[in-house]
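Please open the model in your viewer and keep the selection panel at hand.

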Amino acid sequence: MPLTRKAYRAALLHSLADPAEVGIEASYEYFADGLLVVENGQISAIGHASELLPTLAADIEITHYQDALITPGLIDTHIHLPQTGMVGAYGEQLLDWLNTYTFPCESQFADKAHADAVADIFVKELLRNGTTTALVFGSVHPQSVNSFFEVAEKLDLRMIAGKVMMDRNAPDYLTDTAESSYTESKALIERWHGKGRLHYAVTPRFAPTSTPEQLALAGQLLGEYPDLYMQTHISENLQEVQWVKELFPERKGYLDVYDHYQLLGERSVFAHGVHLCDDECARLAQTGSAIAFCPTSNFFLGSGLFNLPMAEKHKVNVGLGTDVGGGTSFSLLQTLNEAYKVMQLQGARLSPFKSLYLATLGGARALRLEDNIGTLQPGSDADFLVLDYNATPLLSYRLQQARDIAERLFVLMTLGDDRTVAQTYAAGRLVHQR
């Protein structure tokens, strides 16, 4: 491959650490007039334009963005590919919503042409919203995952996905068996895990829809392959928590079900966690497991408010999830707008720098990918976005009143959406242009 070197000049901002651990000032790096140098799909330098420009070769291509902010690509730690066609489905809480809308929608993924079409729309939506990495639920059909990875591979995206394992408490047309879920997952792992920038996630939907046999085989898969991910749901809705108690009376709680089947670990991500207790948070931290915080979905389905301060107290890794289609937007900027309100309703603050962390480096740490994504540090994959300060008339006018980068960032997170993302780059390639 020929050596490709390019530079991008704009305001630059990225997280260095969790503000909850190091304080706000030490948590980020900002260059009002910065330069990002990209070489062969990776970031090779970041700094003040005045210092870096003289060091560049005369023939390097420099793209200069006026009135724009470059940040790392956004990371969505929980989203459902097959629910793209039912975003904004009216009027139910979790369990009724699954039966009324979700399962019928997911049944269509038995058809390859349908899976291919939705995968294409889904990836375009992610990139349009500045999401460069996502942890994705497929349907129960292996085809859903093949279609998604085929699209992601063409664009050289860093993506993680898995086929849903679900062998009970769901319609017959949508269940697998413990054995078929194991063999189908294994075939997908062999085909995709570690191919390019793709990773596989063992994906039991949630404890109520898997038999003990299926959960045991999910744990077995994690033991058979290094670096596999595991994703599922936990403690989203009070009815669901009660249902788990009835189904698994021998276990001491919801998390303990997963713990018993060896599903906790450094690459395990549990979506929601709205109704977790202190002991469960401590156990998640102890095992290196992470939580995906999904505010738009928790509001939309009436599930409750995630207790971020409790997760911080126990030092649990937390990422941000849109949870489309329970969530109502592919935009992590819009998701942060809702996250702020979740904290407000609990009498807590969410600083814009903590928000930036959750959507970038925090997500990368939840996925154990902080050496590759989540920052603009040299050596990272060149996954980044260009946010346009003049994306809408209101945004433009409001940002003219902003006094500093903290206020600017907060306004982007409250007024910003897909229109704010002018360009999205993945591994140094332009993959979305507004």
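The stops below go from an annotated span to salt bridges, aromatic groups and a strand hairpin.

The model is predicted, so local features require a pLDDT of at least 70 and side-chain atom pairs a pLDDT of 80 or more, whereas totals for chains, interfaces and linings use all residues. Residues are numbered from 1 along each chain as its sequence is written, and side-chain values use heavy atoms, with hydrogens and water left out.

**The annotated span**

Select residues 70-431, which an unreviewed UniProt entry annotates as "domain: Amidohydrolase-related". UniProt positions are given here in the numbering of the model, feature names are shortened, and annotations may be inferred rather than shown by experiment. The end C-alpha atoms of this span lie 15 Å apart, and its content is 44% helix and 17% strand. Helices (H or I, at least four residues) and strands (E, at least two) are DSSP runs numbered from the N terminus.

**Salt bridges between helices**

The whole structure contains 30 salt bridges, each defined as a side-chain nitrogen of Lys or Arg within 4 Å of a carboxyl oxygen of Asp or Glu.

Select glutamate 150 and lysine 112, whose side chains form a salt bridge with an N to O distance of 3.9 Å. Glutamate 150 belongs to helix H5 (residues 142-154) and lysine 112 to helix H4 (residues 112-128), so the contact ties together parts 38 residues apart in sequence. Glutamate 150 is partly exposed at 23% relative accessibility, as lysine 112 is at 39%.

Next, select glutamate 224 and lysine 186; the closest N and O atoms of this salt bridge are 2.7 Å apart. Here helix H7 (residues 212-224), which holds glutamate 224, is linked to helix H6 (residues 178-192), which holds lysine 186, and the two residues are 38 apart. Glutamate 224 is partly exposed at 32%, and lysine 186 is partly exposed at 26%.

Then select lysine 354 and glutamate 312, which meet in a salt bridge at 2.8 Å, N to O. Lysine 354 lies in helix H14 (residues 352-359) and glutamate 312 in helix H12 (residues 308-313), so this pair joins parts 42 residues apart in sequence. Is lysine 354 buried or exposed? Lysine 354 is buried, with a relative accessible area of 7%, while glutamate 312 is partly exposed at 28%.

For a network of salt bridges, select Asp156, Arg158, Arg197, Asp381 and Asp383, which are linked in this way.

**Aromatic groups**

Select Phe122, Phe148, Phe149, Trp192 and Phe330 to display one aromatic cluster. Then move to arginine 408, whose charged end sits over the ring of tyrosine 389, 4.6 Å from the ring centre; the criterion is NZ of Lys or CZ of Arg within 6 Å of the centre and within 35 degrees of the ring normal.

**The hairpin**

Finally, select strand E15 (residues 421-426), where six of the six residues are buried, so the strand is largely enclosed by the rest of the structure. Strand E14 (residues 384-388) runs antiparallel to E15 and is joined to it by four bridges; strands pair if DSSP finds at least two bridges between them. Valine 386 has glutamine 423 in E15 as its bridge partner.

E15 also pairs with strand E16 (residues 429-433), antiparallel and over four bridges, and tyrosine 425 has leucine 430 in E16 as its bridge partner. Two residues separate E15 and E16 in this hairpin, and alanine 427 in the turn has a positive phi of about 50°.

Note on methods: Buried means under 20% relative accessible area, exposed over 50%, partly exposed in between (1.4 Å probe, protein chains only). Rings of Phe, Tyr and Trp (its six-membered ring) pair if their centres lie within 6.5 Å; planes under 30 degrees apart count as stacked, over 60 as edge-to-face and the rest as tilted.
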